[in-house]
Amino acid sequence: MTRTTQIEAPPVQTTAGGPSAASIDWRGTTPVQNTAGNTNTQGGVIMAKQRATITDVARAAGVSKGLVSFALNDRPGVSPETRDRILQVADELGWRPSVRARSLSTDRSFALGLVIARDPEVMSGDPFFPAFISGIESALAPAGQALVLSVVGSEADEEASYRQLADHDRVDGVILTDLRRDDSRIALVARLGLAAITIGRPDVPSDLPSVNVEDTPGIVAAVEHLVALGHRRIAHVAGPSRMLHGVRRSLSFTETMHSHGLDGGLIIETDFTAAGGARATQLLVALADRPTAIVYSNDVMAIAGLGIAARAGLSVPRDLSITGFDGSDIGAHLFPSLTTVTTAVQEWGRHAAGLLLRVIAGETVDDIELPPARLLIRESSAVAPITPPPTAAP
């Protein structure tokens with residue numbers, strides 16, 4: 001997968017499969033002959049051929065440029081025989097649609113925008129967004145669309161990126177992720193005239209379509225699983241309370257604990273990072289009445305917790321049970337393997353891109369409901385210790 005990611009700078013447009021021959025400056029280079037024969041020689045120097053144009057196709061097919069345009073865009077007014085001949089000639093010449101030409105003729109950019117307000121170094125260690133972006137690209141590539149991805153360090157920079165995308169007509173629409181309390185982006189994209197969809201439902205009035213995954217059943221299932229194993233002192237390492245999914249998971253944890261008559265107040269809020277998960281775990285295992293199980297709000301923090309527990313002399317799951325959230329692949333290959341809550345992250349991305357493309361096309365759309373999160377039980381959770389070992393060293 002070839003993508004260019006912009007870090008706190010003007011967004012970079014990326015396309016599936018990397019740059020085309022037409023977009024590369026070949027001066028001073030020696031292109032390699034490809035199977036399509038898109039090179040020739042001049043004066044003993046290998047030169048790259050210019051890409052075939054509609055004019056080339058029209059000349060070779062013996063028809064007008066207008067007729068070629070109609071045939072290539074599958075518009076009426078072209079007989080089946082002529083259409084087939086034009087398409088065959090276009091294929092033989094290696095003609096491919098030009099995004100620049102399509103943009104000029106349709107007033108479209110043929111690109112979607114995704115702006116992520118996370119510390120770039122932190123995001124690089126989180127498997128969620130690579131999987132999510134992979135899902136987006138699986139929908140964009142067949143549609144001949146590009147992704148403009150911008151990673152910024154603050155919410156203010158995020159909003160500035162949306163304004164820049166709109167001011168320069170860089171994208172036809174945007175996908176809003178990490179919804180926040182009283183999210184100002186909902187009104188912002190409306191003011192900017194940007195088509196948009198959201199991942200999850202905002203807590204403010206919104207006319208934007210959404211792709212939804214109910215994540216609370218996953219947290220409920222994790223707590224129920226641990227309670228059934230005999231755990232009574234259970235902690236939760238939560239995400240930021242300003243993010244709606246962080247709030248939902250914390251509330252689900254507390255309510256489920258209370259439903260069993262247990263204290264649901266042992267919660268430490270973090271920033272969803274490995275470092276944040278590690279610090280929270282250090283605090284929890286140092287408590288005089290430390291928990292026998294910890295429910296983490298993502299896999300990154302849970303994996304950090306496994307390391308902190310081992311360093312403190314605790315055996316997982318004999319002394320401490322741990323559960324994560326996200327179902328990242330690496331969790332299956334740890335020792336012990338990570339009990340986690342799984343969601344179809346790539347499907348989120350694929351459905352989000354598909355939904356936004358339909359919105360841009362002017363279709364009437366409904367919200368998309370994906371299967372709810374579910375618990376995947378592995379080796380990091382087990383029966384609670386009869387007598388918890390002494391407080392671990394920090």
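This is a predicted model: local features need pLDDT of at least 70, side-chain atom pairs count only at pLDDT 80 or more; totals for chains, interfaces and linings use all residues.
Biologist: OK, salt bridges next. How many does the structure hold?

Modeller: The structure holds 17 salt bridges. One of them pairs Arg-180 with Glu-155, where the closest N and O atoms are 3.4 Å apart. That pair links distant parts of the chain, since Arg-180 sits in the loop between β7 (173–176) and α8 (185–192) while Glu-155 belongs to helix α7 (residues 155–167), 25 residues apart.

Biologist: Which other glutamate forms a salt bridge with Arg-180?

Modeller: Arg-180 also forms a salt bridge with Glu-158, and here the closest N and O atoms are 3.0 Å apart. This pair, too, links distant parts of the chain, with Arg-180 in the loop between β7 and α8 and Glu-158 in helix α7, 22 residues apart.

Biologist: And are those three side chains buried or exposed?

Modeller: Arg-180 counts as buried because its relative accessible area is 9%, which is under the 20% cut-off. Glu-158 is likewise buried, at 1% relative accessibility, whereas Glu-155 is partly exposed at 32%.

Biologist: What about Arg-318, which residue does its side chain meet in a salt bridge?

Modeller: The side chain of Arg-318 meets that of Asp-319, with an N to O distance of 3.3 Å. Arg-318 is exposed, with a relative accessible area of 57%, but Asp-319 is buried, at 9%. Elsewhere, salt bridges that share partners join Glu-155, Glu-158, Arg-180, Asp-183, Arg-185 and Arg-242 into one network.

Biologist: Which residues of α10 are buried, and what covers them?

Modeller: The buried residues of α10 are Leu-244, His-245, Gly-246, Val-247, Arg-249, Ser-250, Ser-252, Phe-253, Thr-254, Thr-256 and Met-257. Their cover includes α9 (216–228), together with the strands β10 (234–238), β11 (267–269) and β12 (293–296).

Biologist: At what angle do α9 and α10 pack?

Modeller: Helices α9 and α10 pack at about 35 degrees, with their axes 9 Å apart, and the crossing is right-handed. On the α9 side, Thr-216, Ile-219, Val-220, Val-223 and Glu-224 take part, and they meet Arg-248, Arg-249, Ser-252, Phe-253, Thr-256 and Met-257 in α10.

Biologist: Last one, where does Ser-337 lie?

Modeller: Ser-337 lies in the loop between β13 (321–323) and β14 (340–342), and with a relative accessible area of 8% this serine is buried.

Biologist: Leaving aside neighbours within four places in sequence, what is Ser-337 in contact with?

Modeller: With those neighbours left aside, Ser-337 is in contact with Gly-331 and Ala-332, and also with Arg-378, Glu-379 and Ser-380.

Terms used. Residues are numbered from 1 along each chain as its sequence is written. Side-chain values use heavy atoms; hydrogens and water are left out. A salt bridge is a side-chain nitrogen of Lys or Arg within 4 Å of a carboxyl oxygen of Asp or Glu. Helices (H or I, at least four residues) and strands (E, at least two) are DSSP runs, numbered from the N terminus. Buried means under 20% relative accessible area, exposed over 50%, partly exposed in between (1.4 Å probe, protein chains only). Contact means heavy atoms within 4.5 Å. Axes are lines fitted to C-alpha atoms, for helices over the stretch in contact, and angles run from 0 to 180 degrees between N-to-C directions. A crossing is left-handed if the near helix is turned anticlockwise from the far one by less than a right angle, and right-handed if clockwise.
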